[in-house]
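Please open the structure in the viewer and follow the stops below in order. Each stop names a selection and describes what is found there.

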Amino acid sequence: MSEIQDYGMGDFKTLYHYTSADGLKSIIENKTIRFSDYRFLNDIDEIEYGKKVFRQALDELRNEVSQYSEYISQWEDELQAIEQGKIQYLKPISLAENGAINCSRCTSENYHYYLLSLTTLSDNKDMWNMYSGNNPGYRIKINGNELMKYFYSIRDSFLYKGFLFSSEHRMQVFYGEDAKKFIKNSLIADFSIGNLLITQFGAIFKYLAFTKDEAFRSENEYRLGFCFVDEMEKKEINKDNAKKVFINKNGTLYPYMEFTNFPFSKIVEEIMISPYNKSELAEIGLKEFLHENNLEHIKVEKSKIRIR
């Protein structure tokens with residue numbers, strides 16, 4: 001396997017993650033980061049919206065680029081399989097002499113897709129309201145390139161164990177008509193070079209989980225995603241990388257994939273305190289907490305937003 005050299009993220013070298021006080025405390029103390037099961041996102045209709053837009057894009061492409069009808073039909077079959085609870089993926093079985101990876105095509109009826117939601121908004125009232133509400137929280141400033149190194153290390157660790165991830169599950173979210181344009185342009189680009197990514201381990205979620213309704217455009221969201229089949233969630237496979245955990249939220253148990261050994265000191269550059277937390281003790285307590293965890297080099301800021 002060739003080593004990945006490019007961790008660049010284009011215009012998204014800095015990203016932000018809004019979280020509660022308990023969330024921040026857990027990330028630092030446990031050295032973990034949690035990815036949400038896509039079925040339990042804030043907007044429960046989100047994936048259905050992605051399916052609808054993806055289907056519209058395929059219908060339009062069938063009329064606009066009929067020479068790629070075979071590829072389009074395969075994507076239609078994959079979308080139908082997802083709706084039936086199945087997913088196709090490639091499983092590495094051996095390493096060829098030329099360095100390529102020999103794979104076999106597999107189908108799983110037990111899969112889960114996990115997402116980490118970030119944003120390009122550094123100090124935004126709507127984001128504070130969404131993730132803090134009546135319980136003032138914090139905003140973490142993230143070094144995007146360092147985050148990608150961590151992301152790839154997880155992906156590659158599973159590759160060595162016989163699981164192949166698509167590297168496409170990390171990008172900005174597209175909204176409304178831009179979402180359909182993104183899907184069509186991406187598919188045409190792949191069709192034109194004969195590149196069919198269906199079997200790259202849940203590649204369809206690149207489209208379904210990264211498109212949202214126009215109403216959410218103000219979130220300026222960026223996401224990272226991992227697709228797991230049931231076999232990957234077994235503790236003996238996962239023990240060095242992640243574990244599934246359940247969090248009680250208002251009487252409902254939410255599943256998460258909790259990734260371990262999160263290098264907070266390398267990835268996080270700054271922590272901002274919510275504008276809703278006006279207590280001077282918030283800054284004192286946070287700095288003391290960072291000091292106790294050998295993170296005193298991380299900058300602490302207060303939100304510039306004024307709240308009446």
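**First stop: a pair of helices**

Helix 2 and helix 6 are oblique to each other, a term for angles that are not under 35 degrees (roughly parallel), over 145 (roughly antiparallel) or 65 to 115 (roughly perpendicular). This is a predicted model, in which local features need pLDDT of at least 70 and side-chain atom pairs count only at pLDDT 80 or more, while totals for chains, interfaces and linings use all residues. Residues are numbered from 1 along each chain as its sequence is written, and side-chain values use heavy atoms, without hydrogens and water.

Select residues 46-64 and 176-192: the axes of these helices come within 9 Å and cross at roughly 50 degrees. Helices here are DSSP runs (H or I, at least four residues), numbered from the N terminus. Axes are lines fitted to C-alpha atoms over the stretch in contact, and angles run from 0 to 180 degrees between N-to-C directions.

**Second stop: E76**

Next select E76, which is found in helix 3 (residues 69-83). E76 is partly exposed, with a relative accessible area of 27%; the term lies between buried (under 20%) and exposed (over 50%), with a 1.4 Å probe and protein chains only. Beyond its neighbours within four places in sequence, E76 is in contact with L58, D59 and R62, contact meaning heavy atoms within 4.5 Å. The C-alpha atoms of E76 and L58 are 7.4 Å apart, although the two residues are 18 residues apart in sequence.

Definitions and conventions. Helices (H or I, at least four residues) and strands (E, at least two) are DSSP runs, numbered from the N terminus.
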